[in-house]
Amino acid sequence: MSIFVDETTKVVIQGISPTSQGLYHGLRNKAYGTKVVGGTNPKRGGEVIEGIAVYASVAEAVKETGATASFISVPPRGAADAIIEAAEAGIAFIVCITEGIPAQDEALAYNRLVREFPGTRLLGPNCPGIISPGKCNIGITSGDIALAGGPVGIVSRSGTLTYQALHELSQQGIGQTTCVGIGGDPVPGTNFIDCLAAFEADPETRAVMMIGEIGGSEEERAAEYIANSMTKPVAAYVAGVTAPAGRKMGHAGAIISGSQGTAQAKMEALTAAGVFVTQNPTECGEKMVAIVRGLP
Amino acid sequence: MDLYEYQGKQYFARFGIPTSAGGVADTVDEAVAQADAAGYPVVVKAQVKVGGRGKAGGVKLAADADETRLHAGNILGLDIKGHVVKRLWVEHASDIAKEYYASFTLDRPNKLHLGMLSAEGGVEIEEVAVTNPDAIAMLHINPIDGLDEETARSWVDRANLDAEAREQAATLLVRLYHCYVEGDCDLAEINPLILTPEGKVHALDAKVTLDENAAYRHPEWEEYADDSDIDVREKMAKEKGLNYIGLSGSVGIIANGAGLAMSTLDVVTQAGGEAANFLDIGGGANADVMAAALEVINADPAVRSIFVNIFGGITRVDEVAKGIIEAMARVKLNSPVVMRLDGTNAAEGRKLLAEHLSDRLIAEPTMLDAARHAVALAKA
């Protein structure tokens, strides 16, 4: 099995045009075997672009194709509206890779999903997407670095480190159930805990590789969840041990964050939760490989 | 993007938030003219983007023109934690009956806006947060609902502000919330928010951080553009649109994606080296971006080797390879380049580079191998 997306997932590409990023990646996703059932563009309804049928709206695409997921890579100023349009059309899983959406727009869109569309899950924004190897790839991950068959689930906050994680495992012949890039924006639609819980519940996932980075407190919260609710082994790497100190946001940041947010604090929290904490992505991959090979 | 206090106050004024009468001065004579206009006594305040300026002698009270002249002369050119004061804000000194604290920011774990209000404002607010957290009244706001006057009034009551301040404070907080949301701030903070003996509430300081992702809908932000404080390497990188932070080591770093760039710093350190910079060329980087990145690193005299660490996603490795070839034709690189290229179109990229490989352009199969090689070259 896999989490969130599989071979039955039908994907619609929002904001498709002959020159769009959405078309480029959508075609690659389709070539990988993903069921890309259409695209949307209010000005191009009825057209067919490189074999992809274009609908005027997501609602129309859902009605015509039964799409269950959408892929958004439109520019920042239109992305929050695109997310809401997909939710209104009944899309259950939205992947938004757009980078640079204003935080106010993100916070509003996220809270509208929670309140008005509780059945919709958003992945991103500013994330590489999701791949369930051999079944479905939505986003910008290069499919050939993933390996089907499990048993590892990957969840990562960083884009390129998500690829690195896949690469480290696939090189060693260890496959993945699903690899989720949750993105590093201020208001991620899906967080570590959502993915860890889904991996814990997925019978084919037997171990989890987690890639965090400095800033925020998502890793600390994930550590708490792992300590209390996870039975499967987790190996982690937190990028930025040697990163320059970030700027301080007035007094407000200090008041609400305390000592959280440094790589050291995150690594300590994860270690205390029983996670195998490693020093770099290669070591994390090696640890994961050893864990998998030692599984009964 | 952080604003200077005077810019923050001007930004507050757009949203009807009261501040003291005052003006900007770059010279002693200008400071005296601003003081004359504001009315004595005045406060002369250093404009720097760093906290603790009061304790560093960057904020002084002046009773008349002579004192203004003296303090302005002392503060201009003062070095406050590495920030040299080039500009002053001179404002009429307010009598202070009470100092409060107010701010809005995003509470990331809860994904809601967070207002913080305290009757115990002032320079020790972070101390208050630790020793007496109940003295800070927190208010979570769902962006769908916003903040109305009624909620603001009950919040002000909860924070125990003085009775005569409450009505004005509630109105001001609603305006500050509008400034935070419609003004696209990451942070809108007033410390202190004061009550005067005459019963007026207004902002005595302004700390505003703007969300640069929203710049496209704020043409008025152009006047805030400021690179006077940043290092020359960072200025050059910024002109080329690169996400660069200067560091003190000798291994120049180019990576795609902030996470991989941070990880590259980590592995260079683990290999016994020290990074000269952080440079994320971003997603979708092409040959031009790669060439620009190499030029920026090449301009840093401390760099002894350059580690190019690319894992292609949106970024296509063949484009990166073209950039490296182009940059090597365009500029004479002072240091050898060690590359590690993987991901989208990596095979095509490696093929393009094959005939250019030498002891000045080295390919390594893994990130750790490349880190070790780059560190060894930097130390050679």
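How are helix 5 and helix 10 of chain A oriented to each other: roughly parallel, roughly perpendicular or oblique? Before I answer, a word on the model: it is predicted, so local features need pLDDT of at least 70 and side-chain atom pairs count only at pLDDT 80 or more, while totals for chains, interfaces and linings use all residues. Residues are numbered from 1 along each chain as its sequence is written, and chains are lettered from A and ligands numbered from 1 in the order in which they are written.

Now the helix pair. Helix 5 (residues 159–171) and helix 10 (residues 281–293) of chain A pack at about 40 degrees with their axes 9 Å apart, where axes are lines fitted to C-alpha atoms, for helices over the stretch in contact, and angles run from 0 to 180 degrees between N-to-C directions. The two helices of chain A are therefore oblique to each other, given that angles under 35 degrees count as roughly parallel, over 145 as roughly antiparallel, 65 to 115 as roughly perpendicular and the rest as oblique. Among the residues making the contact are Leu161(A) and Leu169(A) from helix 5 of chain A, and Met288(A) and Val289(A) from helix 10 of chain A; contact requires that the C-beta atoms, placed from the backbone, lie within 7 Å. Helices (H or I, at least four residues) and strands (E, at least two) are DSSP runs, numbered from the N terminus.

Turning to the sheet, seven strands of chain A form an open, mixed sheet in the order 9-8-11-10-12-13-14, with strand 9 (136–139) and strand 14 (276–278) of chain A at the edges; two strands pair if DSSP finds at least two bridges between them. Within this sheet, neighbouring strands are turned by 15 degrees against each other on average, direction ignored. Strand 10 (residues 151–156) and strand 12 (residues 207–213) of chain A pair in the parallel sense over five bridges, and Ile154(A) has Met209(A) in strand 12 of chain A as its bridge partner.

At the level of domains, whose bounds come from an automatic or database domain assignment, chain A is divided into domain 1 (10–123) and domain 2 (129–293).

Finally, between the chains, 55 residues of chain B are in contact with 51 residues of chain A.

Note on methods
Contact = placed C-beta atoms within 7 Å.
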